[in-house]
Amino acid sequence: MSSKEFTINLAAELLRHPPVEKPVGWAVVGCGVIGPLHAAGVAKGPFTRLVACCDIVAERAENLARQHGAKAYTSLEQVLDDPEVEAVSICTPSGMHPEMTIRALRAGKHVLTEKPMAIHLEDADAMIRTAEETGGQLAVIFQRRTQPVFRTIKAAMEEKVLGKPVLGDAYMKYYRSPEYYRSADWRGTWQWDGGGALMNQGIHIIDMLQWLMGPVESVYAHAGTLVREIEVEDTAVAVLKFRNGAFGVIEGTTSVYPGVDHRIELHGEKGTIRVDGERIVEWRVEGPDGKPVSRLEGTTGEAGSPSPTSDPRAISADGHWIQIQDLALAIRDGRPPLVPGREGRPALEIILGIYESSRTGREVYLGR
Ligand SMILES: NC(=O)c1ccc[n+]([C@@H]2O[C@H](COP(=O)([O-])OP(=O)(O)OC[C@H]3O[C@@H](n4cnc5c(N)ncnc54)[C@H](O)[C@@H]3O)[C@@H](O)[C@H]2O)c1
């Protein structure tokens, strides 16, 4: 793929699309921390229309619905019975995503599910299969894939600017307070969160690492609960082998004060790209005379982007808006969305492999 064919500025590209005859009617299920971002992204349009907000806590659904002039529901059933609803955002605790997604697809709706799409691989597979069987669209939120900074690097990686890949590393050293884990009873549980520092927080950057470097072949890891009083891991480290022969590491935690920006470091025989938070801090490739050439100009990322390093609510709304509008156009134009269901799977498989390796003390091979 040439970078000319690869869309870097998705927001501009979406807005160039001609208006749709009828905006896609949408419902948001789960009106906690992330649901309101979906509601805002749908209400903003232009290819979507917010029909309903749903939460088992009626007050949350009503408050959000009132803000946007939408209907308030307290059960998924009511959402699925509403003929005005064509697509549903699933913003409930992670362990609920598969059942709700499958029910919505079977009811003839399209689905945009929050990450992680599921907390078990069999469930992710059942979701992907159900979308195929019903013909419904299934998309997964990985909003960082929409950011120009990461899309620029992706296009360069597709063109193999670093030569033979050697190392690919991801560091997610975040802080989540004890109050954060107490703020909802599903947080930090195996049953509904499905994991901790990696499954909930680290999954975005783990997805990014494998999206940029290519598929992971095996993991060898330690995961533990070093600080917080939760069931799941608050800290994990893993050694990776990529299928292209490169090695790498993942470090993730939610227990270091005050939390620092995540980092991604990509190295090949001919170059290095390093990202700190959402900023490229180094991009140097070997020039024709053997001297390093810097390609930093114009690619230093979105200055001032909010960072969820220590505040889980500090999420930029742009990525969600892009994925929502993209799914709406995917539905109307009959093409796959930016992050279809099967693209939600690799990060999940890596994380589950890390947990298994930590439990068994063995290297775990993926894709088998
Ligand atoms: N993409 C991101 O950056 C991002 C950020 C935060 C959360 N998330 C994901 O979004 C999901 C929700 O996280 P959150 O922090 O908003 O959680 P939350 O606890 O703040 O909100 C979840 C909401 O779902 C509601 N709910 C529970 N069961 C329900 C049911 N059966 N029907 C309808 N509503 C129900 C709860 O009452 C609650 O209001 C998680 O999977 C999380 O991983 C993604």
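This note goes through the structure in numbered points, from its sheets to its ligand shell.

1. Basis. The model is predicted; local features need pLDDT of at least 70, side-chain atom pairs count only at pLDDT 80 or more, and totals for chains, interfaces and linings use all residues. Residue numbers start from 1 along each chain as its sequence is written. Helices (H or I, at least four residues) and strands (E, at least two) are DSSP runs, numbered from the N terminus.

2. An open sheet is formed by 6 strands in the order 3-2-1-4-5-6, with parallel pairing; two strands pair if DSSP finds at least two bridges between them. Strand 3 (71–73) and strand 6 (138–140) are the edge strands, each pairing on one side only. From one strand to the next, the twist averages 25°. Strand 5 (residues 110–113) is joined to strand 6 by 3 bridges, and the two run parallel. Val111 has Leu138 in strand 6 as its bridge partner.

3. A helix on that sheet. Helix 5 (residues 97–106) lies across strand 1, strand 4, strand 5 and strand 6, at about 160° to strand 5. Axes are lines fitted to C-alpha atoms, for helices over the stretch in contact, and angles run from 0 to 180 degrees between N-to-C directions. Two residues are in contact if their C-beta atoms, placed from the backbone, lie within 7 Å.

4. Helix 2. Helix 2 (residues 35–44) is largely enclosed by the rest of the structure, because 7 of its 10 residues are buried. A residue is buried if 20 or more other C-beta atoms lie within 10 Å of its own, exposed if 12 or fewer, and partly exposed in between, with C-beta atoms placed from the backbone. The buried residues are Gly35, Pro36, Leu37, His38, Ala39, Gly41 and Val42. Their cover includes strand 1 (24–29), strand 2 (48–54), helix 3 (58–68), strand 4 (87–90) and helix 10 (318–333). After helix 2 comes Gly45, with a positive phi near 65°.

5. Strand 11 (residues 263–268) and strand 12 (residues 271–276) run antiparallel, joined by 6 bridges; Ile264 stands opposite Val275. Strand 12 also pairs with strand 13 (residues 279–286), antiparallel over 6 bridges. These two form a hairpin with 2 residues between them, and Gly277 in the turn has a positive phi of about 60°. Strand 13 and strand 14 run antiparallel, with 3 bridges. Their hairpin has 5 residues between the strands, and Gly290 takes a positive phi near 85°.

6. Ile153. This residue is in helix 7 (residues 148–158). Ile153 counts as buried because 23 other C-beta atoms lie within 10 Å. Not counting residues up to four places away in sequence, Ile153 touches Leu212 and Ile273. Ile153 and Leu212 are 59 residues apart along the chain, yet their C-alpha atoms are separated by 7.5 Å.

7. The ligand. Of the 25 residues around the ligand, Gly30, Gly32, Val33, Glu114 and Ala184 come nearest; a residue is near a molecule if its C-beta atom, placed from the backbone, lies within 6 Å of it. The shell has 14 nonpolar, 7 polar and 4 charged residues. Ala, Val, Leu, Ile, Met, Phe, Trp, Tyr, Cys and Pro count as nonpolar, Asp, Glu, Lys and Arg as charged, and the others, Gly among them, as polar.
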